[in-house]
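Student: I'd like to learn how to read a model like this one. Can we walk through it together?

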Amino acid sequence: MFSISDLRYQYPKNEEDTIKGIDFEIKTGEIFGLLGPSGVGKSTTQKILTRQLDDFRGEIKYQGKSITDYDKNFYQDIGVGFEIPVHFSRLTAEENLDFFKQLYKTNADTDQMLERLGLYPDKDKKVGEYSKGMKVRLNFIRALLNQPKMLFLDEPTNGLDPKNARIIKDMIAEFKEAGGTVLLTTHLMNDVEELCDQVAFMADGRIVETNTPKNLKMEYGSRLLKVEYSDNGQVKEANFKLDDLGENQEFQQIIKNKKILTMHSQEMTLDNIFIEITGRR
Amino acid sequence: MTAFLVLFFGELQRMQKYHIMTASVLVAFFWIGMLHLIEVPDITGFFILLVFFDIVSMAIIMIGVTIFFEKQEGVLKSLFVSPINRLEFISSKTIANLISNLVTIAIVSLYAILIQNINIHLIGLFFAIMLIGTFHSLVGFLIVYRSNDFTEMLIGMMKYFIVFMLPVSFEEFGLITSELYSNILFLLPTKASSTLITATSGGLDTGEVALAAVYLLVGTLILAYFVNRGFRKFVIRESGV
């Protein structure tokens, strides 16, 4: 759906490029996670792909055609979910949605989305009276109101309680199931692990790693089992290779004769991979 | 409905919801109060001054108010990823602004004509408001492009007043009567604006009025070019960089 080649971007007042030659591809129907610490160029990349910044170098193709060749109808195809509130505070939620809906050729059933996200009873309330979580949910509906083919989401579950975060994640998964494509920017690695088919880690304006979450965990994790056990009143620790665990006599002895305190496989979490790859805590 | 109409009616809806239209009406009544308290046999001169001051100042300030409201609420970000183009964004704001100008001036004119019996060419006044309002709405855009917040925008507007409005006001109040000074003033868009409004009460040379109209028309086209050109930088800045 999107192919990005040697993308570079320099802000007018900066001396060096913020984006320093990145290449990646977002396939139709996949959820692509763009990850990295603050200030490495994730938002800039997203702004370029959504055509808020247009004097980039390199090539970006959307459905085989350069994005610079599209007119305003490009936005009929995409939905953008912002992290910060983006609504008229003195208009009700419904008035806000109605205003934006009129700009699009196709509209989603926003009442159904309001209902699902628990906002329907408050749809006639001014957005200025909404809580932070309600505004985040309304932002998500705003992103989906034109039934986009491609969704750009920036921290879609940030500031939400677990129940509403769950609903949003389910809706993103359903969007994908229906053939939609998503570019997801988030710091919440649980969301990434659960939703993303492919992730790219950015550091200093470059993409330093692209892979599936599963492959990353295999690549960066060690296939070890860490066992803590009690031996004559002392707490001891031992590591065993997962691959020959069944035949490992020492492991069998510990299991049989010692009191096991904890036992954990040593696969790397995405949080740790994030830190290791991007080099920041 | 076209994107322009959606944006335009959206502007009108928000003018009502954000009480901008109410403020315009209140300003109109404030002007009426002033005209009512002036104890002169013919208030035409004061009416013209008020209209001149109102159109120029309100056209600039209303553009600032609406854009900075939208910036503050994050709505600009949402609009910039919607299927609209810069011309639709700029023109919808400008024309909605003209409606606000027209409402204020219509109320004041109604009072001036019905109660104070002044003679004003209403069609001429309508076209003058359109031309002056459009020109100064575009000035408003340029000031907004150069301002980070509403306070900076007000400072920019004050600078415009000092450079362009004050010299014309000195002449209007009869503080400076030199012909040379008067001729130099023709370099200013505010003098052209003042000329057009004054012409609605009659007594001005047709050539002078035509020159003022052409000045503002050409000026509007030039400003429109710069407003359109500066829009991209504005979008980059407002997208949060």
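Predicted model: local features only at pLDDT ≥ 70, side-chain atom pairs only at ≥ 80, totals over all residues.

Student: Among contacts in chain A between residues at least 6 apart in sequence, what percentage join residues at least 24 apart?

Tutor: That comes to 68%. As for the chain itself, the secondary structure of chain A has ten helices and 13 strands, and the C-alpha trace spans about 75 × 45 × 35 Å along its principal axes.

Student: How do I read burial, and what share of chain A counts as buried?

Tutor: You count neighbours: a residue with 20 or more other C-beta atoms within 10 Å is buried, and one with 12 or fewer is exposed. In chain A, 36% of the 281 residues count as buried.

Student: Which strands are joined to strand 8 of chain A?

Tutor: Look for bridges. Strand 3 of chain A (residues 31-35) runs parallel to strand 8 of chain A, with four bridges joining them. Here A:Phe32 stands opposite A:Leu183. Strand 7 of chain A (residues 150-154) is also parallel to strand 8 of chain A, joined by five bridges, and there A:Leu153 stands opposite A:Leu184.

Student: What kind of unit do strand 7, helix 6 and strand 8 of chain A make?

Tutor: Trace the path from strand to helix to strand. Strand 7, helix 6 (residues 162-177) and strand 8 of chain A form a right-handed β-α-β unit.

Student: Now the nonpolar core. Which residues of the largest one touch the most other members?

Tutor: That core has 76 residues, and the ones touching the most other members are A:Phe32, A:Leu35, A:Ile141, A:Val182, A:Leu183 and A:Leu184. Helix 5 of chain A (residues 132-144) gives the core its largest share, seven residues. Apart from this core lies another, of 49 residues, including B:Ile48, B:Ile55, B:Met62 and B:Ile63.

Student: What does A:Leu35 touch, leaving out residues up to four places away in sequence?

Tutor: With those left out, A:Leu35 touches A:Val192, A:Val199, A:Ala200, A:Phe201, A:Met202 and A:Phe274.

Student: How many residues of chain B are in contact with chain A?

Tutor: For an interface, count each side. 23 residues of chain B contact 26 residues of chain A. On the chain B side, the elements giving two or more residues are helix 1 (3-17), helix 4 (75-80) and helix 10 (206-238). Helix 1 of chain B has the largest share, with five residues. By class, that side has twelve nonpolar, six polar and five charged residues.

Student: One last thing: backbone angles. Where do A:Asp6 and A:Arg51 sit, and is each buried or exposed?

Tutor: Check phi, then the surroundings. A:Asp6 has a positive phi of about 45 degrees although it is not a glycine. A:Asp6 lies in strand 1 of chain A (residues 2-9) and counts as exposed, because it has 12 C-beta neighbours inside 10 Å. A:Arg51, not a glycine either, has a positive phi of about 65 degrees. A:Arg51 is in the loop between helix 1 (42-49) and strand 4 (57-62) of chain A, and it is buried, with 20 other C-beta atoms within 10 Å.

Conventions: Residues numbered from 1 in each chain as written. Chains lettered and ligands numbered in written order. Core = buried A, V, L, I, M, F, W, Y, C linked by C-beta atoms within 7 Å. Contact = placed C-beta atoms within 7 Å. Pairing = 2+ DSSP bridges. Right-handed = clockwise from strand over helix to strand, strands pointing away. Nonpolar A, V, L, I, M, F, W, Y, C, P; charged D, E, K, R; others polar.
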